[in-house]
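Biologist: I'd like to go through this one slowly and ask where each label comes from. Could you show me the structure first?

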Amino acid sequence: VWTEEEPGPPETVRLRVSPGLAHKFRVTRYHLSQAVKELPDGGIEVRFEVAGAGEMIPWLLSWGAALEVLEPEWLRETMIEVLEEMLARSRRSPGEVKA
């Protein structure tokens, strides 16, 4: 269950899941609102209606490149920002401080 201290109205979160990971979402219900749509390439699109979608970020990151956030746009942009920062940190020498 994803909630925030002051949850807003529910919003739609749509994810595209690669064929290699799709089976996890076919057999596991991660949220009561979860709906799965099969895609021609063997992947799936997963839809959730949640309040507090920002709390999903660590969970979304845990799936790595096998998952893409389609909407909402703010969540997609946040994921891109987090991943870009992770990449930038990984490219620096260990212990190097960002200038």
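This is a predicted model: local features need pLDDT of at least 70, side-chain atom pairs count only at pLDDT 80 or more; totals for chains, interfaces and linings use all residues.

Biologist: Why is the pair Phe-25 and Trp-63 called tilted?

Modeller: Their ring centres are 5.2 Å apart and their planes sit at 50°. Stacked needs under 30 degrees and edge-to-face needs over 60, so 50° makes Phe-25 and Trp-63 a tilted pair.

Biologist: What makes it a link between distant parts of the chain?

Modeller: Phe-25 belongs to helix α1 (residues 19–27), while Trp-63 is in the loop between α2 (57–62) and β4 (67–71).

Biologist: On to charges. How many salt bridges does the whole structure have?

Modeller: A search finds seven. One of them is between the side chains of Arg-16 and Asp-41.

Biologist: How do you know that Arg-16 and Asp-41 form a salt bridge?

Modeller: The N to O distance is 2.1 Å, and the rule asks for within 4 Å, so the pair of Arg-16 and Asp-41 passes. Arg-16 lies in strand β1 (residues 11–17) and Asp-41 in the loop between β2 (35–38) and β3, 25 residues apart.

Biologist: Why does Arg-16 count as partly exposed?

Modeller: Its relative accessibility is 22%. Buried means under 20% and exposed means over 50%, so Arg-16 falls in between. Asp-41, at 47%, also counts as partly exposed.

Biologist: What makes Arg-26 and Glu-38 a tie between parts of the chain?

Modeller: They form a salt bridge, with the closest N and O atoms 2.8 Å apart. Arg-26 is in helix α1 and Glu-38 in strand β2, so the pair ties together parts that are twelve residues apart in sequence. Arg-26 has 38% relative accessibility and counts as partly exposed; Glu-38, at 45%, does as well.

Biologist: Which other salt bridges can you show me?

Modeller: Arg-76 and Glu-68 meet in one, at 3.0 Å from N to O. Salt bridges with shared partners also join Arg-14, Glu-45, Arg-47 and Glu-71 into one network.

Biologist: Which residues form the negative surface patch?

Modeller: Glu-73, Glu-77, Glu-81 and Glu-84 do. Glu-77 is in helix α3 (residues 73–91).

Biologist: Why is Glu-77 called partly exposed?

Modeller: Its relative accessible area is 40%, which lies between 20% and 50%, so Glu-77 is partly exposed.

Biologist: Last one: which kind of peptide bond joins Glu-71 and Pro-72?

Modeller: A cis one, with omega at about 5°. Most peptide bonds are trans. Pro-72 is in the loop between β4 and α3.

Methods
Residues are numbered from 1 along each chain as its sequence is written. Side-chain values use heavy atoms; hydrogens and water are left out. Rings of Phe, Tyr and Trp (its six-membered ring) pair if their centres lie within 6.5 Å; planes under 30 degrees apart count as stacked, over 60 as edge-to-face and the rest as tilted. Helices (H or I, at least four residues) and strands (E, at least two) are DSSP runs, numbered from the N terminus. Patches are made of residues with over 30% relative accessible area and no salt bridge: like charges are joined within 9 Å, nonpolar side chains (Val, Leu, Ile, Met, Phe, Trp, Tyr) within 5 Å. Accessible areas come from the Shrake-Rupley method with a 1.4 Å probe; for residues, only the protein chains shown count as cover. Lys and Arg count as positive and Asp and Glu as negative; His and the chain ends are not counted. The place of a charge is taken as NZ of Lys, CZ of Arg, CG of Asp or CD of Glu. Buried means under 20% relative accessible area, exposed over 50%, partly exposed in between (1.4 Å probe, protein chains only).
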